[in-house]
Amino acid sequence: MPPIDGGHVASRLCPPYETSPKTLSIVRHHLKQADEANVQRKQFGNGRPQVPVIGQGTWYLDRGDRKSAIAALQRGIDLGMTHIDTAEMYGDAELVIADAIAGKRDDLFLVSKVLPSNASRRGTITACERSLKRLKTDRLDCYLLHWRGSFSLEDTIAAFDELIAAGKIRSWGVSNFDVDDLDHLHAVAGKGRIACNQVLYHLQERAIEHAVIPWCEQHGVAVVAYSPFGHNEFPSARSKGGEVLQTIADAHKATARQVALSFLTRAPAVFAIPKASSAEHAAENAAAGKLTLSDSEISTLDKAFPRGPKPRGLPML
């Protein structure tokens, strides 16, 4: 079932950031470290390259100030967030990215997605070539099926195989796939073919921990968390959970959002792709990639933001 358009659009907007003097001071501190690659890397699934644990999402990147968007992407790249995620669904985001990555392509792990309505064998190839042209590059590091649609997985995978053979993509994966879909995909594609599954994951939506993350860990598939701050759902500093976040953040001289990103990416298979609307926000996100929480801090956050019961279906936006 496709994501609800309105919710999907709204969810990828950069949510409001805290603007307390303390938070701004921390963010500016990280901004001064722009010459350092702060983000830790880990393997993007079995036998695949090392990729920054924190990357850059780009939904609605084209709707704000273009110069700020480009500056945010470039600062993120300078700080080590070289995993950049986009999609043909994201309007003109691919065009903005093209300007931001000019001269930097070889340093990046670049990902885009095909819409299910275009995911026939021929349609997938055409969509990929269109994205490559918009991004002004000759290849993608990973190409995803945005969610499962009406075209057969066999046809989409056949298109992915053609694109790999032509050197236009280096790997492929999916987004918004639950365990049943992953089982079907694995049966069709075979062992070791699926690079990643990109899914909704934030402190107050931890459903993927029940089955999706364990499935991906078992099969060597990377899990990429989209909307890691939620859609206007990041805990208020005045809430009980927000107070827990801030206490841990203070102990690390970090921000609450950095703590959240570190918690979400604690499992070896999990990566996150927050969106930033400014260079300062990009610096804040990047610094989360070098923050390590203790076992006791993870346990405290686990209690403050319980994952809840296993849902009947995969949450998505």
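Biologist: Quick one to start: does Asn232 count as buried or exposed?

Modeller: Asn232 counts as exposed, because its relative accessibility is 58%, where exposed means over 50% relative accessible area, buried means under 20%, and partly exposed is in between, using a 1.4 Å probe and protein chains only. Please keep in mind that this is a predicted model, in which local features need pLDDT of at least 70 and side-chain atom pairs count only at pLDDT 80 or more, while totals for chains, interfaces and linings use all residues. Residues are numbered from 1 along each chain as its sequence is written, and side-chain values use heavy atoms, with hydrogens and water left out.

Biologist: Where does Asn232 sit, and what is its phi?

Modeller: Asn232 is in the loop between β8 (222–226) and α9, helices and strands here being DSSP runs (H or I over at least four residues for helices, E over at least two for strands) numbered from the N terminus. Its phi is positive, about 55°, although Asn232 is not a glycine. Most residues other than glycine have a negative phi.

Biologist: And Asn176, buried or exposed?

Modeller: Asn176 counts as buried, because its relative accessibility is 3%. Asn176 lies in the loop between β6 (172–175) and α7 (179–189), and its phi, near 60°, is a positive value in a residue other than glycine.

Biologist: Changing topic, how many helices and strands does the chain have?

Modeller: The chain has 12 helices and 9 strands, and 56% of its 317 residues count as buried.

Biologist: Which residues of α5 are buried, and what covers them?

Modeller: The buried residues of α5 are Gly123, Thr124, Ile125, Ala127, Cys128, Ser131, Leu132 and Leu135, and what covers them includes α4 (93–101), β4 (109–114), β5 (142–145) and α6 (153–165). Gly123 counts as buried because its relative accessible area is 19%. Just after α5, Lys136 takes a positive phi of about 55°.

Biologist: What span should α5 have?

Modeller: Helix α5 has 15 residues, 121–135, and should span 21 Å at 1.5 Å a residue, which agrees with the 22 Å between its end C-alpha atoms; the expected span is 1.5 Å times one less than the number of residues.

Biologist: At what angle do α4 and α5 pack?

Modeller: They pack at about 45°, with their axes 7 Å apart, the axes being lines fitted to C-alpha atoms over the stretch in contact and the angles running from 0 to 180 degrees between N-to-C directions. The two helices are therefore oblique to each other, since angles under 35 degrees count as roughly parallel, over 145 as roughly antiparallel, 65 to 115 as roughly perpendicular and the rest as oblique. The contact (heavy atoms within 4.5 Å) is made by Glu94, Leu95, Ile97, Ala98 and Ile101 of α4 together with Ser131, Arg134 and Leu135 of α5.

Biologist: What about α9 and α10, at what angle do they pack?

Modeller: Helix α9 (residues 240–252) and helix α10 (residues 256–264) pack at an angle of about 95°, with their axes 8 Å apart, which means that α9 is roughly perpendicular to α10. Their contact is made by Leu245, Gln246, Ile248 and Ala249 of α9 and by Ala256, Val259 and Ala260 of α10.

Biologist: Last topic: how many residues are in the largest nonpolar core?

Modeller: The largest nonpolar core has 87 residues, and those with the most contacts inside it are Tyr143 and Leu301; such a core is a set of buried Ala, Val, Leu, Ile, Met, Phe, Trp, Tyr and Cys residues joined through side-chain atoms within 4.5 Å.
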